[in-house]
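Please keep the sequence and the model in view while reading.

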Amino acid sequence: MIARAALLLSSTVLLAACASAPEQRSAASPDPMLQQIAATATGDFATGLDGSGSALLLTVAADPLISADQTLTLNLTQQQAGTAPRQFVLQIERAREAPFELSGVLAPLTSSAQVIAQCPLRVGTSAQGVSATTDAESCRFGEAGGQVGLIKEFLFAGDQIRIADRLSGGPSGSQDTISEQLLRFYRLNRYEGWSGVLEDGSWRVARDLIVDTANGRIEPLDAAGMGLGIIIELDRGELDGDQQPIVRLTVKDSETLETLARSWAAPGARRMGIALPDLQVGLERVLD
């Protein structure tokens with residue numbers, strides 16, 4: 001599960017903010033720890049591409065923080081192409097009985113944004129980032145006698161968010177697992193660029209390409225509207241046998257889907273591409 005996952009991510013700034021004691025501040029000043037969590041957790045994220053080239057998207061938005069005693073409200077929307085979105089509200093605040101600690105509430109929503117239930121959260125900080133976890137005893141759904149408990153874990157670690165779900169069935173206190181799922185979302189990267197193929201001694205070039213790591217599959221067209229015969233795929237992942245996050249660029253033959261070339265770069269890299277004698281791709285990251 002998430003709590004045992006070893007992440008090698010850049011969360012130094014977040015951890016420094018979360019580890020420090022509360023500063024003296026006026027009642028009108030937002031809590032600096034909650035501000036830092038909001039800044040780190042919010043944004044657009046996506047899983048890696050599956051076999052169909054479709055990624056699962058996650059958008060995290062925060063309500064504005066106004067005062068020191070205000071709860072941080074994170075609005076999460078999770079969606080895949082062709083499916084209805086799933087929405088959650090996650091609230092985090094200073095624990096009233098222990099101001100150095102955090103507590104929270106998770107509320108899944110209906111399609112009309114109505115609260116289905118509210119589950120208390122255990123919220124903490126560590127070398128991995130900020131974690132929030134429900135308990136199967138206090139987060140239960142269904143009719144009496146047929147209820148299931150939900151253990152839902154979030155880990156906000158700057159460049160990625162991990163969400164794990166485990167449903168446990170049976171009577172209260174039972175830990176029999178019905179199903180479990182682990183999703184890893186990477187912060188969305190957007191790129192602009194060009195590509196070209198060498199044919200009969202001349203280059204055919206496609207310009208003004210736009211691609212991101214969520215809907216990251218395009219077939220470039222030249223100035224005459226003709227396909228270059230290639231597919232460019234872009235997604236996020238990790239190096240094999242390592243947990244170092246990367247942005248992965250793959251070029252395939254548009255007819256056979258054979259991989260022609262592949263390269264990768266660090267998520268923060270401004271430029272990436274492929275340079276072969278008869279195939280070139282150049283991409284530059286669009287900064288938000």
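**A helix and its ends**

D31 caps the N-terminal end of α2, where a side-chain oxygen of D31 lies 2.8 Å from the backbone nitrogen of M33. This is a predicted model, in which local features need pLDDT of at least 70 and side-chain atom pairs count only at pLDDT 80 or more, whereas totals for chains, interfaces and linings use all residues. Residues are numbered from 1 along each chain as its sequence is written, and side-chain values use heavy atoms, with hydrogens and water left out.

Helix α2 covers residues 32–41, and within it M33, L34, I37, A38, T40 and A41 are buried. Here, buried means under 20% relative accessible area and exposed means over 50%, with partly exposed in between (1.4 Å probe, protein chains only). An α-helix has 3.6 residues a turn, so residues three or four places apart point the same way. Just after α2, G43 takes a positive phi of about 135°.

**The chain as a whole**

The protein chain has two helices and 19 strands. Helices (H or I, at least four residues) and strands (E, at least two) are DSSP runs, numbered from the N terminus. Of the 288 residues in the protein chain, 44% are buried. The accessible surface comes to about 14700 Å², and carbon and sulfur atoms account for 51% of that area; such areas come from the Shrake-Rupley method with a 1.4 Å probe, and for residues only the protein chains shown count as cover. Among contacts between residues at least 6 apart in sequence, 42% join residues at least 24 apart, a contact being heavy atoms within 4.5 Å.

**A four-stranded open sheet**

Four strands form an open sheet in the order β13-β12-β19-β18, with antiparallel pairing. The edges are held by β13 (202–212) and β18 (271–276); each has a single partner strand, so one side of each is left without a neighbour in the sheet. On average, neighbouring strands of this sheet are turned by 10° against each other, direction ignored. For such angles, axes are lines fitted to C-alpha atoms, for helices over the stretch in contact, and angles run from 0 to 180 degrees between N-to-C directions.

Two strands are said to pair if DSSP finds at least two bridges between them. Strands β12 (residues 190–199) and β19 (residues 279–285) run antiparallel and are joined by seven bridges; in this pair, E192 stands opposite E284. Strand β19 is also joined to β18, again antiparallel, by six bridges, and A275 stands opposite Q280 in β19. Two residues lie between β18 and β19, which form a hairpin.

What backbone geometry is found at D200, in the loop between β12 and β13? D200 has a positive phi of about 55° although it is not a glycine. With 85% relative accessibility, D200 counts as exposed. A positive phi, about 60°, is also found at L257, which is not a glycine and which lies in the loop between β16 (245–253) and β17 (259–265).

**The disulfide**

How many disulfides does the model contain? A disulfide is a pair of cysteine sulfur atoms within 2.5 Å, and by this rule the count is one. C119 and C139 form it, with their sulfur atoms 2.1 Å apart. The link is right-handed, with 65° about the S-S bond. C119 lies in strand β6 (residues 119–125) and C139 in the loop between β7 (130–133) and β8 (140–141), so the pair ties together parts that are 20 residues apart in sequence. Both cysteines are buried: C119 has a relative accessible area of 2%, and C139 has 0% relative accessibility.

**Two buried strand residues**

L106 is found in strand β5 (residues 98–109) and counts as buried because its relative accessibility is 1%. Leaving aside residues up to four places away in sequence, L106 touches F88, V89, A117, Q118, C119, L121, T134, K152 and F154. One of these residues, C119, also belongs to the disulfide. The C-alpha atoms of L106 and L74, 32 residues apart along the chain, are separated by 9.7 Å.

R162 lies in strand β10 (residues 160–169). Is R162 buried or exposed? Its relative accessibility is 3%, so R162 counts as buried. The side chain of R162 makes a polar contact with the side chain of Q160, at 2.9 Å. A polar contact is a pair of N or O atoms within 3.5 Å; within protein, one must be able to donate a hydrogen and the other to accept it, and residues adjacent in sequence count only if both atoms are side-chain atoms.
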